[in-house]
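Hi,

Here is the structure I promised to pass on to you. Have a look at it first, and then read my notes below.

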Amino acid sequence: MSSFYKLKENIKLNYNLYRVVRNIYGLGKGLKGFLLNKKGSMEHIKSTLSLIQKTGQVKGKPIIITIEPTNICNLKCPVCETGAGILKRRPQYLKYNDFKIIIDKIYKFTNTIMYYFMGEPFLNKNWVKEVRYAKEKGIPWIETCTNGDYANPKDIIESGIDFVSFQIAGMTQGTHQIYRVGSNLERVIKNLIDTIEIKKRTNSKVHIEVGFIVMKHNEHEIEKFINFARKIGVDSFNIISPAVRTVEQGKLFLPKNNKYWIYDRNAFEKGLLKRKVQPKNDCPWIYYSMVIMANGDVVPCCHDPLGKFVMGNILKQDFDEIWNGEKFRKFREKIHTNQKEISICRLCGGYGIPWLR
């Protein structure tokens with residue numbers, strides 16, 4: 001764990017200090033982006049001012065948009081709502097024409113697209129066309145996250161996407177499949193290595209990352225993973241602290257080493273699941289970002305996979321009608337007054353400093 005990361009975590013433990021630092025950073029980052037003529041920088045500044053004022057209405061537009069290519073996955077990861085079969089949404093792919101409608105409504109102010117949510121993005125047969133369309137409309141940064149089973153190296157390089165994170169859950173098939181149920185680790189690694197080789201051969205600028213989801217059954221393989229990542233020449237690698245939804249899941253999957261816990265271990269031992277750092281009537285993300293599901297429904301953030309808090313449908317409504325509509329305004333106001341009653345906030349760290357690419 002880097003000293004910079006430790007510093008950030010310590011700042012988060014002091015809410016008042018964190019809020020001051022975050023707001024100053026947000027304004028500074030927006031101003032720097034404006035001077036460098038980065039897309040979304042003025043929206044970032046206006047949104048930060050709205051965050052400081054804790055208003056339900058946001059002066060700026062969101063610069064970070066999550067778009068769900070599909071809510072279907074080939075795996076059965078037990079913690080994931082899709083993998084566990086409890087998503088309670090109609091399985092579907094985002095249609096290409098619907099994707100174009102979305103991009104046409106957001107491209108003028110959007111800086112970053114997170115092209116993934118509750119499914120495996122590469123199962124969408126139109127994913128390359130969709131990414132290319134977004135790049136043609138001038139979106140500066142598009143990234144995705146994949147389990148790697150259906151990653152086509154040639155498509156990744158030729159799509160124009162900026163960042164792809166392959167995420168594995170073990171260094172042997174035996175450990176990997178405990179969480180990545182139904183995955184073939186050999187195929188995933190081959191897809192990863194082939195992508196790296198084509199990237200180097202073509203001088204592609206796409207950033208390739210590999211992540212290791214550390215859990216109780218695989219934490220003994222961390223050093224092996226690090227050596228592997230360095231050997232294959234990936235652009236970056238990271239150890240991903242696991243998320244769970246219940247204490248029971250925690251007992252099955254959370255590692256022994258406290259270093260990889262995002263939860264309060266003392267509370268966990270008493271049968272309670274809560275984050276080490278919890279939001280206190282505050283959330284920056286609802287001022288800078290939003291999530292668009294495969295059917296066009298808009299939800300506030302990535303902690304609403306079930307679609308409990310639908311703010312509108314971007315395929316049927318104007319953007320501003322949703323972003324500063326009554327539902328979103330009241331949601332933000334409740335965040336600042338009674339966040340503990342909002343179910344999707346209970347296991348969220350709630351803290352972070354959105355940035356401009």
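Searching the whole structure turns up 1 cavity of 30 Å³ or more. A cavity here is a set of points on a 1 Å grid over the protein atoms alone where a 1.4 Å probe fits but cannot get out, and lining residues have an atom within 4 Å of a point. The largest cavity holds about 70 Å³ of space, where a volume is the space filled by probe spheres set on the points, and grid points are joined across faces, edges and corners. It is lined by 12 residues, and the closest to its centre are Cys283, Cys301, Ile335, Cys345 and Cys348. By class, the lining has 8 nonpolar, 3 polar and 1 charged. (Ala, Val, Leu, Ile, Met, Phe, Trp, Tyr, Cys and Pro count as nonpolar, Asp, Glu, Lys and Arg as charged, and the others, Gly among them, as polar.)

Before you go further: this is a predicted model, so local features need pLDDT of at least 70 and side-chain atom pairs count only at pLDDT 80 or more, while totals for chains, interfaces and linings use all residues. Residues are numbered from 1 along each chain as its sequence is written, and side-chain values use heavy atoms, with hydrogens and water left out.

Next, the pockets. A pocket is an open set of points with protein on both sides within 12 Å along at least five of seven lines. The second largest pocket has a volume of about 150 Å³. Its lining has 13 residues, and Asn71, Ile72, Cys73, Thr82 and Gly85 lie nearest its centre. That lining divides into 6 nonpolar, 4 polar and 3 charged residues.

Now for some aromatic rings. Rings of Phe, Tyr and Trp (its six-membered ring) pair if their centres lie within 6.5 Å; planes under 30 degrees apart are stacked, over 60 edge-to-face, and the rest tilted. The count comes to 12 aromatic pairs. One of them is the tilted pair of Trp141 and Phe163, at 6.3 Å centre to centre with 45° between the planes.

Tyr179 and Phe253 make an edge-to-face pair, 5.8 Å centre to centre with 75° between the planes. Tyr179 lies in helix α8 (residues 173–179) and Phe253 in helix α11 (residues 247–253), so this pair ties together parts that are 74 residues apart in sequence.

Back on strand β4, have a look at Ser165. Ser165 is buried, at 4% relative accessibility. Leaving out residues up to four places away in sequence, Ser165 touches Thr144, Cys145, Thr146 and Glu209, where contact means heavy atoms within 4.5 Å.

Happy browsing!

Key:
Helices (H or I, at least four residues) and strands (E, at least two) are DSSP runs, numbered from the N terminus. Buried means under 20% relative accessible area, exposed over 50%, partly exposed in between (1.4 Å probe, protein chains only).
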